[in-house]
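Please read each point with the structure open beside the text.

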Amino acid sequence: MHGFANPARFLRIARWLMPLCMGAGFVVAFGALGWGLFFGPAERLQGETVRIVYLHVPAAWLGMAGWMGIAAASFMELVWRHPLAGIAARACAVPGAVFTAVCLITGSLWGRPAWGTWWVWDGRLTSMLVLLFLYFGWMALSQASEASDGGRNRAPAIFGLVGAVNIPIIHYSVIWWNSQHQAPSITVGKSAMAGAFLWPLLLAMLGFTLLFAGCVLARMRAILANQQAEARLRRKALGAAY
Amino acid sequence: MQESAENMAQTERMAKGTVQGTIKAKHQRLVLLVIALVVLIGAALLAAWALRNQASYFYVPAEIQAHPPESGRAVRLGGMVAKGSLKTEADGVTIAFAVEDGKARVPVRFKGIVPSLFVEGSGVVAEGHMGAGGVFEADNLLAKHDENYVPREMKDMTREQAEKVMRETTR
């Protein structure tokens with residue numbers, strides 16, 4: 001793992017891995033969406049609105065995966081001071097927040113025809129909204145700490161680990177508590193979803209996950225390039241002063 | 001010259017000490033962080049456990065019958081719409097049905113437009129209050145979708161048939 005601690009080696013790998021993830025993700029995600037939206041069946045009770053699931057579930061998964069990425073990177077940052085950990089955490093935040101917002105919006109659009117309401121304050125919806133606010137808070141803190149303690153990322157790393165408590169709460173909210181939101185349809189090795197919905201959904205999840213990975217790699221490259229440019233400017237400024 | 005060589009040796013010794021120091025510090029940080037995480041997760045689980053009743057979005061019929069809320073207090077009742085219980089009253093807009101959870105049954109009355117997913121044998125969340133004679137007076141009905149996704153082609157099958165088809169297709 002510490003082999004990747006060298007940013008130069010990371011950049012060499014990211015240079016070809018990033019376009020690969022982006023390209024494959026684009027093809028798989030939009031192929032799955034096309035399959036689900038145009039060729040998949042309508043649902044018995046929900047009718048055509050079931051098709052929102054092909055965007056909603058991948059978005060929910062990646063919103064949560066984004067924070068799991070922040071938490072894992074924060075752990076590496078705090079314990080091993082891994083030089084890329086803070087950068088990886090910062091790269092996960094924006095895509096994670098975007099997917100969380102997409103999940104909330106698509107869920108609301110589905111809830112109106114299916115449940116008869118745009119929004120209810122049940123355990124699942126509330127904890128997902130809390131996740132979005134955690135992302136906003138984390139991004140603000142990360143920017144502030146970058147400006148103040150020279151990118152040491154201590155405070156955001158602690159916040160990232162503490163905020164991870166919300167992830168199991170989101171997942172188990174529909175199991176622990178009575179809620180408006182239904183229980184999970186797909187659990188390990190079992191599906192309450194007919195194959196005609198399940199396969200395009202799993203494909204969409206794979207595709208959006210690849211796109212997410214591509215975004216994170218691209219953002220990490222951008223942050224590293226930015227840091228290099230700043231370091232060079234600083235050296236130049238020092239050179240000019242002497 | 002001599003002096004600078006001595007300096008270099010000293011710097012090297014110091015560097016070695018720092019390396020050992022950082023390995024020890026790493027272990028310390030790892031242990032501290034793992035303990036902190038365990039405590040944090042324990043606290044979160046305790047909080048979730050304490051919230052298990054308060055954080056529920058609705059009461060099920062068994063809870064309503066065991067601890068009836070005082071009449072007039074706004075509560076939510078959730079469960080399945082009992083098969084064969086849904087009736088439209090003479091005025092054409094008031095409906096009456098029973099909500100059941102396998103243990104108890106609560107009669108419900110509602111006047112208004114129902115969501116499209118509201119059917120017998122499906123989940124419902126009714127917002128309202130307990131009225132006279134143990135009838136729940138609902139002001140608002142929300143349909144609850146369950147975790148089963150069944151294509152429209154199977155809609156004429158009974159639930160059992162559809163579940164059998166799904167078992168065969170999805171393993």
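**Notes on the model**

1. Within chain A, the element with the lowest mean pLDDT is strand β2 (residues 190-191), at 80, and the one with the highest is α2(A), at 95; pLDDT is the predictor's confidence in each residue, on a scale from 0 to 100. Chain A as a whole averages a pLDDT of 90, and 95% of the residues score at least 70. This is a predicted model, in which local features need a pLDDT of at least 70 and side-chain atom pairs count only at pLDDT 80 or more, whereas totals for chains, interfaces and linings use all residues. Residues are numbered from 1 along each chain as its sequence is written, while chains are lettered from A and ligands numbered from 1 in the order in which they are written.

2. Chain A holds 7 helices and 2 strands, and from the N terminus its elements run α-α-α-α-α-α-β-β-α; helices (H or I, at least four residues) and strands (E, at least two) are DSSP runs, numbered from the N terminus. Along the principal axes, the C-alpha atoms of chain A fill a box of roughly 75 × 35 × 30 Å. Of the 242 residues in chain A, 45% are buried, a residue being buried if 20 or more other C-beta atoms lie within 10 Å of its own, exposed if 12 or fewer, and partly exposed in between, with C-beta atoms placed from the backbone. Among contacts in chain A between residues at least 6 apart in sequence, 76% join residues at least 24 apart, where contact requires the C-beta atoms of two residues, placed from the backbone, to lie within 7 Å.

3. An unreviewed UniProt entry places the feature "transmembrane region" at several stretches of chain A, including residues 59-80 and 87-110; UniProt positions are given in the numbering used here, feature names are shortened, and annotations may be inferred rather than shown by experiment. In the model, residues 59-80 of chain A are 100% helix and 0% strand, with the end C-alpha atoms 31 Å apart. Residues 87-110 of chain A are likewise 100% helix and 0% strand, and the end C-alpha atoms of that span lie 36 Å apart.

4. A backbone detail that deserves a look is A:R81, whose phi is near 50°, a positive value in a residue other than glycine. Most residues other than glycine have a negative phi. A:R81 is found in the loop between α2 and α3 (85-115) of chain A, and A:R81 counts as partly exposed because 16 C-beta neighbours lie inside 10 Å.

5. Chain B has 3 helices and 6 strands, arranged along the sequence as α-α-β-β-β-β-β-β-α. Of the 171 residues of chain B, 22% count as buried, and residues 24 or more positions apart account for 46% of the contacts in chain B with a separation of 6 or more.

6. Strand β1 (residues 75-81) of chain B is mostly covered, with 6 of its 7 residues buried. β1(B) is joined to strand β5 (residues 123-130) of chain B by 6 bridges in an antiparallel arrangement, and there B:G79 has B:V124 as its bridge partner. β1(B) also pairs in the antiparallel sense with strand β3 (residues 94-100) of chain B over 2 bridges, where the bridge partner of B:M80 is B:E100; two strands pair if DSSP finds at least two bridges between them.

7. Which residues have the most contacts inside the largest nonpolar core? They are B:L77, B:V99, B:V108 and B:A126, in a core of 94 residues. Helix α2 (residues 53-80) of chain A gives the most to this core, with 16 residues. A nonpolar core is a set of buried Ala, Val, Leu, Ile, Met, Phe, Trp, Tyr and Cys residues joined through C-beta atoms within 7 Å. Leaving aside neighbours within four places in sequence, B:L77 is in contact with residues including B:F58, B:V99, B:V108, B:A126 and B:F136.

8. B:V60 lies in the loop between α1 and α2 (61-66) of chain B, and B:V60 counts as buried because 21 C-beta neighbours lie inside 10 Å. Not counting residues up to four places away in sequence, B:V60 touches A:N178, B:G78, B:G79 and B:D101.

9. The contact between the chains takes 39 residues from chain B and 40 residues from chain A. The largest share of the side of chain B that touches chain A, 9 residues, comes from α1(B).
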